[in-house]
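Colleague: I am new to this structure, so please take me through a few of its details one at a time.

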Amino acid sequence: ELPSVVIPLFCLFHIGGDQINGEVNPNMVLLGMFLMHYIQRTFIFSLCIQGGKPTPSPTLLAAFTFCSTNGYLQGRTLTHFHQYDTSWFWSPQFILGHTLFLVGMAINIHSDSILRNLRKPGETGYKIPKGGMFEYVSGANFFGECLEWSGYALACSSISAVAFAVLTTSFVGVRAIQHHKYYKTKFEDYPKTRKAFIPFII
């Protein structure tokens, strides 16, 4: 996920951040939202992981390609192609989108913390996640991430941001459903009312 940090910053400082002129404006805040997520994922989240399985090369290559392409699209859109007037700060799209982004990020970080702390030192095997949004969905971390990017897409209201949100939701939604099916077959006492991805719906 490192390209999602490096490439937008490259767009800003080396290609030319035409729409970010040193003043606080919507372009700067929206780019900051995007970078905030990936800085947390690339550096803080990675440092918190202990052990873990190695990522297969095809998966790693696909992730690198997606993050590089998307990082460029989001970076160039916000630093060059799409100019937001300061009045955009007070638009319903920006206010609601920014709020959804922050709530989604909080859910994502909290859910990841629950998953990391499922097993005590020396323990092995799988356990049922409990607490937070895991009381409602099996893929609480995925739900949080999709809420983030849905909010980002709304706050940006650009084609590139909406496309990113749709692709992310499609990908992690499938993963959430797969995890849900696995949990239901693995644990006989798995909560019957817990959904896979979206609380009370899916």
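Colleague: Which backbone oxygen lies 2.7 Å from a polar atom of the side chain of T77?

Modeller: This is a predicted model, where local features need pLDDT of at least 70, side-chain atom pairs count only at pLDDT 80 or more, and totals for chains, interfaces and linings use all residues. Residues are numbered from 1 along each chain as its sequence is written, and side-chain values use heavy atoms, with hydrogens and water left out. T77 is found in helix α3, residues 57–81, helices being DSSP runs of H or I with at least four residues, numbered from the N terminus. The backbone oxygen that lies 2.7 Å from a polar atom of its side chain belongs to L73.

Colleague: Is T77 buried or exposed?

Modeller: Buried means under 20% relative accessible area and exposed over 50%, with partly exposed in between, using a 1.4 Å probe and protein chains only. Because T77 has 13% relative accessibility, T77 counts as buried.

Colleague: Is F171 buried or exposed?

Modeller: F171 lies in helix α6, which covers residues 159–186. With a relative accessibility of 53%, F171 counts as exposed.

Colleague: How is α2 oriented relative to α5?

Modeller: Helix α2 (residues 26–48) and helix α5 (residues 140–156) pack at an angle of about 165°, and their axes are 10 Å apart. Axes are lines fitted to C-alpha atoms, for helices over the stretch in contact (heavy atoms within 4.5 Å), and angles run from 0 to 180 degrees between N-to-C directions. Since angles over 145 degrees count as roughly antiparallel, under 35 as roughly parallel, 65 to 115 as roughly perpendicular and the rest as oblique, α2 is, relative to α5, roughly antiparallel.

Terms used: Helix = DSSP H or I, 4+ residues; strand = E, 2+ residues; numbered from the N terminus. Polar contact = N/O pair within 3.5 Å; in protein donor to acceptor, adjacent residues only side chain to side chain.
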